[in-house]
Amino acid sequence: MKKKKLAPPKVDRSRIAVKTSPIHGKGVFVVKPIKKGAVIIEYKGERISWKKAEKRHPHNPKDPNHTFYFSLEDGRVIDAKYGGNAARWINHSCKPCCETQEESYDGKPRVFVYALRNLRPGEELFYDYSLGVEGRVTKKMKKDYECRCGAKKCRGTMLAIKEK
């Protein structure tokens with residue numbers, strides 16, 4: 001029996017739009033209702049090594065901690081500054097309404113954004129960046145990656161903080 005080839009999920013780009021965000025810079029907003037569990041968009045961009053990403057860093061010397069990098073499980077990174085789409089404008093929140101999932105199609109890792117709950121027009125999309133850093137997280141690092149989400153249980157940073 002022949003194995004059925006899995007296809008990537010279909011993305012309906014007409015359900016979202018990029019606009020100015022009250023949280024930070026640009027953001028991605030719901031234009032048409034999106035159901036819980038639905039795929040919203042794929043995070044696209046050039047796949048590069050971390051070594052190349054470090055050479056490119058920073059994307060903007062005036063804002064060195066703002067990048068369009070997305071870490072992949074295979075050790076590479078997606079750089080959405082090159083070949084990226086609207087997904088690069090989804091902001092961080094400690095109380096996200098969507099999540100990212102890395103999936104493999106034809107041996108190529110791809111990242112999709114899914115709705116964690118039903119989403120209404122006008123809502124801004126957020127996922128928890130949970131940025132990983134090597135070594136101990138310092139106060140300066142937390143400040144450099146300050147969170148602006150305003151959630152009641154905001155942890156104050158976009159960095160992944162290990163529970164004690």
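**Pocket, rings and cysteines**

Modeller: The largest pocket has a lining of 44 residues, and Asn65, Thr67, Tyr129, Leu131 and Tyr145 are nearest its centre. A pocket here is an open set of points on a 1 Å grid over the protein atoms alone where a 1.4 Å probe fits, with protein on both sides within 12 Å along at least five of seven lines; lining residues have an atom within 4 Å of a point. This is a predicted model: local features need pLDDT of at least 70, side-chain atom pairs count only at pLDDT 80 or more, and totals for chains, interfaces and linings use all residues. Residues are numbered from 1 along each chain as its sequence is written, and side-chain values use heavy atoms, without hydrogens and water.

Colleague: Is Cys149 buried or exposed?

Modeller: Cys149 is buried, at 15% relative accessibility; buried means under 20% relative accessible area, exposed over 50%, and partly exposed in between (1.4 Å probe, protein chains only).

Colleague: Changing topic, which residues do ring pairs link into a cluster?

Modeller: Tyr43, Phe70, Tyr127 and Tyr129. Rings of Phe, Tyr and Trp (its six-membered ring) pair if their centres lie within 6.5 Å; planes under 30 degrees apart count as stacked, over 60 as edge-to-face and the rest as tilted. Tyr127 is buried, at 7%, whereas Tyr129 is partly exposed, at 25%.
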